[in-house]
Amino acid sequence: MGVLWNEREIKNIDLLFKYRKNQVKFIQRAKKMSIPTVALVLYPQFSPFHFSVPYMVFSAEIDGKPLFNVKVVAENPTVTQSKPAIIQADGDLSLLEQADFVVMIGWDKLEQMPSAALTQALQQAARRGATVV
């Protein structure tokens, strides 16, 4: 005995197959996409608390997979210290060139301007389309 389908059911099945096919294509594209890079910029005498909050947020994972590629950046990356914390940066300001998001975690002395190198790196990141906060 054969199964009889009416025209409406055939259209619904066809739409379902098209939807599934598009869903598979979307998943394949999503797997090829790279995760966004977030650069957390340290400065002399940074606040460990102000660093820890964005670090925890952007280091979050879902099912063991990171949502962001987090880079800790400092003008002098050898050792950045703010008593009592010492944090080893992943690299210097050149890492901002690949960042999708740049987080400037604060500034300790409002009367003191950031260095020309830091200012220029932040401006270049903004010009190329990175979100700078």
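How many bridges join strand 1 to strand 7, and in which sense do the two strands run? In this predicted model, four bridges link strand 1 (residues 37–42) to strand 7 (residues 101–104), and the two run parallel. Helices (DSSP runs of H or I, at least four residues) and strands (DSSP runs of E, at least two) are numbered from the N terminus, and two strands pair if DSSP finds at least two bridges between them. Because the model is predicted, local features need pLDDT of at least 70 and side-chain atom pairs count only at pLDDT 80 or more, whereas totals for chains, interfaces and linings use all residues. Residues are numbered from 1 along each chain as its sequence is written, and side-chain values use heavy atoms, with hydrogens and water left out.

**Overall composition**

- The chain has three helices and eight strands, which follow one another along the sequence in the pattern α-β-α-β-β-β-β-β-β-α-β.
- Of the 133 residues in the chain, 25% are buried, where buried means under 20% relative accessible area, exposed means over 50%, and partly exposed lies in between (1.4 Å probe, protein chains only).
- The accessible surface of the chain, by the Shrake-Rupley method with a 1.4 Å probe, comes to about 9900 Å², and carbon and sulfur atoms account for 60% of it.
- Among contacts (heavy atoms within 4.5 Å) between residues at least 6 apart in sequence, 64% join residues at least 24 apart.

- Four strands form an open sheet in the order 4-1-7-8, with parallel pairing; strand 4 and strand 8 are the edge strands, each pairing on one side only.

**Nonpolar cores**

- A nonpolar core is a set of buried Ala, Val, Leu, Ile, Met, Phe, Trp, Tyr and Cys residues joined through side-chain atoms within 4.5 Å; the largest one here has 15 residues, of which Leu 40, Leu 42, Phe 46, Phe 51 and Ile 105 touch the most other members.
- Two or more residues of this core come from each of strand 1, helix 2 (48–58), strand 4 (69–74) and strand 6 (85–87).
- Leaving out residues up to four places away in sequence, Phe 51 touches Leu 40, Leu 42, Phe 46, Val 72, Ile 87 and Ile 105.
- Another core lies apart from the largest one and has 13 residues, among them Ala 39, Val 41, Val 73 and Val 102.
- In general terms, nonpolar side chains tend to be buried together in soluble globular proteins.

**Two residues within the sheet strands**

- Thr 37 lies in strand 1 and is buried, at a relative accessible area of 13%.
- The side chains of Thr 37 and Asn 69 are joined by a polar contact of 3.4 Å, the term being used for a pair of N or O atoms within 3.5 Å in which, within protein, one must be able to donate a hydrogen and the other to accept it, while residues adjacent in sequence count only if both atoms are side-chain atoms.
- Not counting residues up to four places away in sequence, Thr 37 touches Asn 69, Lys 71, Gln 98, Ala 99, Asp 100 and Phe 101.
- Val 132 belongs to strand 8 and is partly exposed, with a relative accessible area of 35%.
- Apart from its neighbours within four places in sequence, Val 132 is in contact with Val 102, Leu 122, Ala 125 and Ala 126; its C-alpha lies 7.4 Å from that of Leu 122, a residue 10 places apart in sequence.

**Loop residues**

- Gln 45, in the loop between strand 1 and helix 2, has a positive phi near 60 degrees although it is a residue other than glycine, and is partly exposed at 45% relative accessible area.
- Asp 63, in the loop between strand 2 (61–62) and strand 3 (65–66), likewise has a positive phi, near 55 degrees, and counts as exposed at 76% relative accessibility.
- Pro 84, in the loop between strand 5 (80–82) and strand 6, is exposed at 81% relative accessibility.
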